[in-house]
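These notes are meant to be read with the structure open beside them. Please go through the points in order and find each residue as it is named.

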Amino acid sequence: MSAAPSRTLAQRSTAAPRATHDPLWARIALTLVALLFVAFFLVLPLAAVFTEGLRRGLGAYLAAFAEADALAALRLTLIAAAISVPANLVFGIAAAWAIAKFDFPGKSVLLTLIDLPFAVSPVISGLIYVLLFGLQGWFGPYLAAGEHPWLGAWLNARDIQIIFAVPGIVLATIFVTFPFVARELIPLMQAQGTDEEYAAITLGASGWQTFRRVTLPNIKWGLFYGVILCNARAMGEFGAVSVVSGHIRGETNTLPLHVEILYNEYNFVAAFAVASLLALLALATLVLKSLVEWRYSRALAAAQTEA
Amino acid sequence: MSVLATNITKHFGSFRALDNVSLEVGAGKLVALLGPSGSGKTTLLRIIAGLEHADAGAVALHGEDVTRTPAGKRRVGFVFQHYALFRHMTVNENVAFGLTVRRRAERPSKSEIADRVHSLLKLVQLEEFGGRFPSQLSGGQRQRIALARALAVEPKVLLLDEPFGALDARVRKDLRRWLRRFHDEIGLTTVFVTHDQEEALEIADEVVVMNNARVEQVGTPQVVYDRPATPFVYQFLGNVNRLNLPWHGYVPETALAAPDGEYAVFVRPHDLEIVRSRSGLGGEPGTVVSVHAAGASANLTCERASDGEHIEVELSRAEFDLLQVRPGDAITLRIRHSRALREEYVI
């Protein structure tokens with residue numbers, strides 16, 4: 001009796017090799033290579049950030065955050081994210097809705113334009129805004145005091161500047177993070193189709209009710225996922241913001257710019273301490289992202305089986 | 001008339017989906033819009049529902065012109081081929097949706113809604129499934145929930161777009177019989193779209209055969225099957241042979257009506273008779289080419305001796321067992337019943 005199961009086991013191990021059944025040594029070697037690569041290029045730098053930050057002890061590490069300039073940079077980073085993320089949330093939903101649910105001329109052009117910020121180097125993105133709103137730029141004359149009868153005067157009276165100021169940083173951040181939400185939503189909404197919306201309409205729902213009760217719940221995980229990515233990029237953006245910010249300490253420095261300044265001043269502990277804050281943000285984003293991805297992949301799979 | 005669509009024309013870009021189509025549906029009738037894909041049947045249904053707008057023409061429901069009325073105010077129940085259930089809502093919430101989106105003044109109370117949902121689920125025989133999500137139901141169950149949801153708003157007309165199209169053959173058969181009984185029970189005017197002639201012939205009171213953006217014929221299942229008005233209807237509803245004339249010992253009845261000779265003769269495979277001899281008496285001599293005798297009837301392919309044309313013949317099992325023909329046997333083919341139609345329609 002006891003011979004039977006052992007024989008089936010033996011049969012299984014001597015069964016014809018599958019196409020994907022590589023020898024043990026190859027699997028170990030490949031895994032090892034991948035692990036070493038990850039360790040060297042990802043784990044090591046991450047660990048270095050924290051070790052360097054904590055080199056002079058916890059006191060020095062925390063002191064880096066107590067500094068007024070660091071706090072100002074943190075505040076500015078949060079402001080930029082707090083404005084650009086909701087702006088791109090609204091834009092992303094609107095664009096995805098238009099592209100996925102309607103046919104109109106110029107649709108493929110819009111789809112391509114949404115990807116533009118991914119294709120353009122962030123430095124160029126920043127330069128575009130300098131070119132547009134800088135004093136020598138296209139709109140510069142209208143923005144300068146005395147040049148334009150009311151706009152320049154209005155802005156000047158309120159001490160509002162665009163380039164080398166907070167508005168420029170927000171604009172550049174919006175530009176760079178433009179595609180995240182829309183890009184997440186478009187394939188999801190296309191997979192879901194329009195039948196549910198039509199069904200809601202025949203049942204007497206208004207346009208807003210259809211959106212709030214049918215469309216929005218169907219895309220919520222994709223939306224959340226897009227927002228997380230958008231937020232991570234908004235807080236971490238360096239290139240575009242660097243061009244428009246002007247690096248005025250305590251005023252137009254975001255966290256990534258602050259790290260650079262500290263580093264250039266050989267203040268390594270503070271630089272790495274602040275950098276570790278950004279690294280922590282990245283880690284938190286990753287955890288959130290995989291949590292959402294898990295939920296979202298089920299929603300996407302459900303959308304595809306329903307469709 | 002419960003549904004009256006007059007002179008509807010609709011284009012999608014340069015594609016003509018409907019060309020001056022009119023449709024009348026009597027109160028309490030179950031009507032099938034039957035046609036191949038691209039014939040315009042679904043577009044017509046969506047125009048009646050208000051989900052599409054016609055380029056020209058008018059739609060009236062129960063005598064009231066609704067051509068410019070938005071879909072939500074037409075009081076039509078619409079059921080989609082792929083159910084279109086709200087995937088994030090339970091069955092109860094799905095069925096209640098049409099009631100909960102009403103303005104506060106018109107909205108029934110929570111307990112009234114719950115009662116209505118329960119009685120609708122009972123009607124579609126799914127009362128235990130209220131707490132489930134659509135993804136936890138089978139295709140047939142989802143379609144019945146979609147039906148209950150459409151009925152919740154007490155529509156004046158029920159429109160079904162390929163309601164059984166996404167189901168497997170077995171469930172499909174059961175569900176369409178169920179729909180027929182269900183229709184008889186509630187007596188609501190119903191229009192459904194299908195490309196399956198068997199489905200249309202089995203359950204509809206009236207069949208509207210559509211092709212190429214036009215209506216080819218309207219009639220009871222028996223009329224459209226037995227007396228097709230056009231060659232298309234002949235070919236679409238069941239199998240048919242188009243015969244080359246002359247046929248020995250046979251004068252088509254409409255040959256007299258169309259003396260110019262511009263007609264084609266159609267014979268259903270079961271309207272042909274096989275005689276086991278090659279005498280050619282009262283028919284055309286030929287040979288049996290192949291025999292498929294599995295099932296309730298036997299399907300034979302025969303070759304006419306005079307011109308080598310292949311002709312399909314369907315015999316009942318009893319006839320076939322008596323005849324005992326095999327491929328290669330010499331036979332005589334006789335026509336029992338045929339129809340001649342004007343050639344100009346032949347596709």
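1. Aromatic pairs. Two rings of Phe, Tyr or Trp (for Trp, its six-membered ring) pair if their centres lie within 6.5 Å; planes under 30 degrees apart count as stacked, over 60 as edge-to-face and the rest as tilted. By this rule the count is 19 aromatic pairs over all chains. One of them joins Tyr129(A) and Phe175(A), an edge-to-face pair with 5.9 Å centre to centre and 75 degrees between the planes. This pair links distant parts of the chain, since Tyr129(A) is in helix 7 (residues 122–133) of chain A and Phe175(A) is in helix 10 (residues 166–177) of chain A, 46 residues apart. Ring pairs also link Trp97(A), Phe102(A), Trp208(A) and Phe211(A) into a cluster.

2. Basis of the notes. This is a predicted model, in which local features need pLDDT of at least 70 and side-chain atom pairs count only at pLDDT 80 or more, while totals for chains, interfaces and linings use all residues. Residues are numbered from 1 along each chain as its sequence is written, chains are lettered from A and ligands numbered from 1 in the order in which they are written, and side-chain values use heavy atoms, with hydrogens and water left out.

3. Chain A as a whole. Helices (H or I, at least four residues) and strands (E, at least two) are DSSP runs, numbered from the N terminus. Chain A has 16 helices and zero strands. Buried means under 20% relative accessible area, exposed over 50%, and partly exposed in between (1.4 Å probe, protein chains only). Of the 307 residues in chain A, 37% are buried. Tyr129(A) and Phe175(A), the pair from point 1, are both buried. Contact means heavy atoms within 4.5 Å. Among the contacts in chain A with a separation of 6 or more, 71% are between residues 24 or more positions apart.

4. The interface. How many residues of chain A are in contact with chain B? The number is 19, and they are in contact with 24 residues of chain B. The area buried between the two chains (the accessible area, 1.4 Å probe, that two parts lose on being put together, summed over both) is about 2,000 Å², and carbon and sulfur atoms give 57% of that area.

5. A salt bridge is a side-chain nitrogen of Lys or Arg within 4 Å of a carboxyl oxygen of Asp or Glu. The rule finds one across the interface of chain A and chain B. Arg87(B) forms a salt bridge with Glu196(A), with the closest N and O atoms 2.4 Å apart. Helix 12 (195–202), helix 13 (207–236) and helix 16 (268–306) of chain A each give two or more residues to the side that touches chain B. Helix 12 of chain A gives the most, with seven residues.

6. Charges over rings. A charge sits over a ring if NZ of Lys or CZ of Arg is within 6 Å of the ring centre and within 35 degrees of the ring normal. Arg46(B) lies over the face of Tyr198(A), at 4.7 Å from the ring centre. Within chain B, Arg144(B) lies over the face of Trp178(B), at 5.7 Å from the ring centre.

7. Helix 2 of chain B. Why is helix 2 of chain B described as largely enclosed by the rest of the structure? Seven of its 10 residues are buried, so the description holds. The buried residues include Val91(B), Asn94(B) and Phe97(B). Those buried residues pack against helix 12 and helix 13 of chain A, together with helix 3 (110–123) and helix 4 of chain B.

8. Arg149(B). Arg149(B) lies in helix 4 (residues 139–151) of chain B. Arg149(B) counts as buried because its relative accessibility is 2%. Not counting residues up to four places away in sequence, Arg149(B) touches residues of both chains, among them Ala199(A), Leu203(A), Tyr83(B) and Asn94(B).

9. Positive phi. Most residues other than glycine have a negative phi. Tyr83(B) has a positive phi, near 70 degrees, and is found in the loop between strand 6 (76–79) and helix 2 (91–100) of chain B. Glu162(B) also has a positive phi, of about 45 degrees, and lies in the loop between strand 7 (157–161) and helix 5 (169–186) of chain B.
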